[in-house]
Amino acid sequence: MDSKDASTTASGRLQSLNSHFEGSLQGPQVMVGGQLYHEVYDNEPSLKTKLDYFNKQGWGYKDTSFIVDRKKNVVKFTGNQYLYSGKTLPNLLTWINQKIKLDTSKPHYPQAEMEIDPPQNVNHQFLNDLLLFKSFSRISFEHWERIMHSHGASLREIFNLRFGRFDRYVDVVVYPGSSDQVKMIVDLASKHKVAVVPYGGGTNVTQ
């Protein structure tokens, strides 16, 4: 079988597999390594992902931030996840200006979007087997989901997250739903020689 026939066979197999996931496909189709995939395959769509509640450009929850009230010269801490959420911090701005010498009158706002590289090292046999055996809770090629799993939480990484880019990005994010699925994912990765990077809370601050 030549490369063209192999590509046609793989593409046909993928279309067949997609038909089994009609209830769990989300988002548009995306071109990945020369083949079309759905952006998300989700076997448990009722479960939230980190993007649903986490600040995608730094630490903490998406509803939590420090807001400077220039008229009253105070800082407000938004959200409802922490002890001081929803409260005003009357002395924080003065402390920042005096102790850290930070000029808060000239804020630098984070970029709204980050340009990322497309998946670079895609193994279609691995992805097809994951879909065939349904050995996952969720598979995602989603833009910010890939970004979020491509960094830790060191100062340099958070700065790049807000104002720059990273040297490399994960190709796909696979969520296991059970210990058996973890084993299957690792077994398939070993079989197809795919590098797997375990990812937890994403709070690693070492480089």
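Is Trp-95 buried, partly exposed or exposed, and what is its relative accessible area?

1. In this predicted model, Trp-95 is partly exposed, because its relative accessible area is 46%, a value that falls between the cut-offs of under 20% for buried and over 50% for exposed. The residue belongs to helix H2, which covers residues 92–100, and together with Ile-100 and Leu-102 it makes a nonpolar surface patch of about 320 Å².

2. The helix that carries Trp-95, H2, lies across E3, E4 and E5, and its direction is at about 120° to that of E4. These 3 strands form an open sheet in the order E3-E4-E5, with antiparallel pairing; the edge strands are E3 (66–69) and E5 (87–89), each of which pairs on one side only. From one strand to the next, the twist averages 35°.

3. Within this sheet, strand E4, made of residues 74–77, is joined to E5 by 3 bridges, and the two run antiparallel. As a point of reference for anyone inspecting the coordinates, Val-75 stands opposite Leu-89 in E5.

4. Strand E2 (residues 35–42) deserves a separate comment: 7 of its 8 residues are buried, and the strand is therefore largely enclosed by the rest of the structure. Its pairing with strand E6 (residues 138–140) is antiparallel and extends over 3 bridges, and here Tyr-41 has Ile-139 of E6 as its bridge partner.

Conventions: Residues are numbered from 1 along each chain as its sequence is written. This is a predicted model: local features need pLDDT of at least 70, side-chain atom pairs count only at pLDDT 80 or more; totals for chains, interfaces and linings use all residues. Side-chain values use heavy atoms; hydrogens and water are left out. Patches are made of residues with over 30% relative accessible area and no salt bridge: like charges are joined within 9 Å, nonpolar side chains (Val, Leu, Ile, Met, Phe, Trp, Tyr) within 5 Å. Accessible areas come from the Shrake-Rupley method with a 1.4 Å probe; for residues, only the protein chains shown count as cover. A salt bridge is a side-chain nitrogen of Lys or Arg within 4 Å of a carboxyl oxygen of Asp or Glu. Helices (H or I, at least four residues) and strands (E, at least two) are DSSP runs, numbered from the N terminus. Buried means under 20% relative accessible area, exposed over 50%, partly exposed in between (1.4 Å probe, protein chains only). Two strands pair if DSSP finds at least two bridges between them. Axes are lines fitted to C-alpha atoms, for helices over the stretch in contact, and angles run from 0 to 180 degrees between N-to-C directions. Contact means heavy atoms within 4.5 Å.
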